[in-house]
Amino acid sequence: ERVLLTGGSGFIASHVLDALLDDGRFQVVVTARSEEKGKRIAESVKPRQLSYVVVEDIVKEGAFDHVFQSQAPFHYVVHTASPYHLGVQDPVKDFLDPAIKGTTGVLKSIKAYGSSVKRLVITSSSAAILNPDKHAEVYDETYWAPVTFDDAIKNPVKNGYRASKVLAEQTAWAFVRDEKPNFDLAVINCTYTFGPIQRKLSSLEAMNTSNHRIRDMLAGKMKGALEPTAPVFTWVDVRDVALAHLRAMTVPSAGGNRFYVVGGHFSNKQVADIIRREFPRYADRLPVDAVHDLPSDVYGFNNSKSKEILGLQYTSLEKSVVDTVKSMLELFPDI
Ligand code: NDP
């Protein structure tokens with residue numbers, strides 16, 4: 001069967017791609033923003049079944065139409081493309097438009113030109129679940145972040161990304177409910193994601209956002225003091241996130257569900273302690289007297305749905321950090 005994976009150049013997408021290809025049942029087409037990026041992805045996974053198609057900007061009306069018109073038939077679509085960074089300038093341009101219009105574009109194109117598609121899997125986020133202003137005791141898939149478009153405009157740094165994820169996800173559920181298209185929907189609400197980087201990067205700056213704190217610890221940028229762990233105190237390994245996407249696509253009962261995908265709680269001190277223990281050569285780049293700043297009343301999480309329906313078994317923080325550090329040192333030996 002054939003799968004369309006959007007945002008193929010991304011960190012999470014690179015692992016979703018591996019999970020899809022390792023499974024062996026799927027032919028995958030990825031979208032990339034340029035020929036050059038597409039080629040790089042295709043070369044990185046040779047000699048397996050993969051091709052790419054250029055979608056320059058998911059914000060453009062009808063951006064995905066040509067993909068379905070020229071590459072059909074697809075049986076599944078996995079939509080990961082959406083910006084995640086910490087340098088927001090204009091919340092609409094940087095986050096809200098690509099997230100919301102990108103999602104709407106995928107939905108409309110499938111409905112118009114993708115009659116063979118059975119299921120769409122979307123990468124949402126725990127950002128669409130959590131409410132940092134008043135945390136729930138235990139979060140699960142029934143929670144929705146109470147953040148609006150206006151909140152994003154008023155406070156782009158705090159709310160821009162969060163609003164983009166919650167509004168994009170709500171748009172998708174509303175579309176499926178109202179339009180009753182030929183496909184159903186499953187959503188992965190993964191939390192802060194660590195894990196190995198498996199594509200060549202042009203620079204340390206080009207690294208995906210959620211691995212920055214491990215990169216910065218290794219580079220000695222937190223030698224004086226670790227940055228606070230807040231606002232997110234839960235993490236998950238990217239390989240578990242990838243498997244979640246694959247299973248959300250293939251397990252029949254996953255349709256119509258959100259999945260809160262969380263490996264555990266963590267603090268920056270725990271991450272630093274693992275690096276110090278497993279990579280003693282880098283010990284002097286880390287503060288000796290770092291504080292374990294996980295609040296005693298930290299919010300809880302219920303990930304049982306992801307275990308029961310998707311069969312996830314979560315990777316340990318230790319393994320995830322070790323594998324992440326190894327991948328960074330391989331790519332950047334002089335980090
Ligand atoms: P990356 O930055 O590595 O990937 C983002 C992807 O989206 C890239 O392929 C990027 O293309 C593409 N993209 C962004 N804007 C556009 C646009 N306007 N047009 C076309 N493509 C675009 O981040 P992640 O892998 O971390 O994130 C992937 C998904 O996972 C996102 O939906 C994110 O919200 C979600 N997520 C991430 C978490 C994390 O901790 N990392 C946690 C929870 C959810 P290009 O490379 O060309 O810029």
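## About the model

The model is predicted: local features need pLDDT of at least 70, side-chain atom pairs count only at pLDDT 80 or more, and totals for chains, interfaces and linings use all residues. Residues are numbered from 1 along each chain as its sequence is written, and side-chain values use heavy atoms, with hydrogens and water left out.

## The ligand site

There are 27 residues around the ligand. Here a residue is near a molecule or strand if one of its heavy atoms lies within 4 Å of it. Ser9, Arg33, Lys37, Tyr161 and Lys165 come nearest. By class, the shell holds 10 nonpolar, 12 polar and five charged residues. Nonpolar means Ala, Val, Leu, Ile, Met, Phe, Trp, Tyr, Cys and Pro; charged means Asp, Glu, Lys and Arg; the others, Gly among them, count as polar.

Some residues make polar contacts (pairs of N or O atoms within 3.5 Å; within protein, one must be able to donate a hydrogen and the other to accept it, and residues adjacent in sequence count only if both atoms are side-chain atoms). Lys37 uses a polar side-chain atom, 2.6 Å from a ligand oxygen. Gly10 uses a backbone N or O atom, 3.2 Å from an oxygen atom of the ligand. A polar backbone atom of Ser82 also lies 3.2 Å from a ligand oxygen. Alone, the ligand exposes 890 Å², and the protein buries 88% of that. Such areas come from the Shrake-Rupley method with a 1.4 Å probe; for residues, only the protein chains shown count as cover. Helix 1 (11–23), helix 6 (156–179) and strand 8 (192–194) each give two or more residues to the shell. Helices (H or I, at least four residues) and strands (E, at least two) are DSSP runs, numbered from the N terminus.

Seven strands build an open sheet, ordered 3-2-1-4-5-7-10, with parallel pairing. Two strands pair if DSSP finds at least two bridges between them. Strand 3 (50–54) and strand 10 (258–261) are the edges, each pairing on one side only. Neighbouring strands are turned by 20° against each other on average, direction ignored. Strand 4 (76–79) and strand 5 (119–123) run parallel and are joined by four bridges. His79 has Ile122 of strand 5 as its bridge partner.

Helix 2 (35–44) packs on this sheet. Helix 2 touches strand 2 (27–32) and strand 3, and its direction makes about 170° with that of strand 3. Contact means heavy atoms within 4.5 Å. Axes are lines fitted to C-alpha atoms, for helices over the stretch in contact, and angles run from 0 to 180 degrees between N-to-C directions. Helix 8 (238–250) lies across strands 1, 4, 5, 7 and 10, at about 160° to strand 5.

## The mixed sheet

Three strands form another open sheet, in the order 8-9-11, with mixed pairing. Its edges are strand 8 and strand 11 (264–265). Strand 9 (234–237) runs antiparallel to strand 11, and two bridges join them. Trp235 has Gly264 as its bridge partner in strand 11.

Most residues other than glycine have a negative phi, and most peptide bonds are trans. A cis bond joins Ala72 and Pro73, with omega about 5°. Pro73 sits in the loop between helix 3 (65–71) and strand 4. The bond from Ala230 to Pro231 is also cis, with omega near 5°. Pro231 lies in the loop between helix 7 (212–218) and strand 9.

Lys180 has a positive phi, near 40°, and is not a glycine. Its place is the loop between helix 6 and strand 7.
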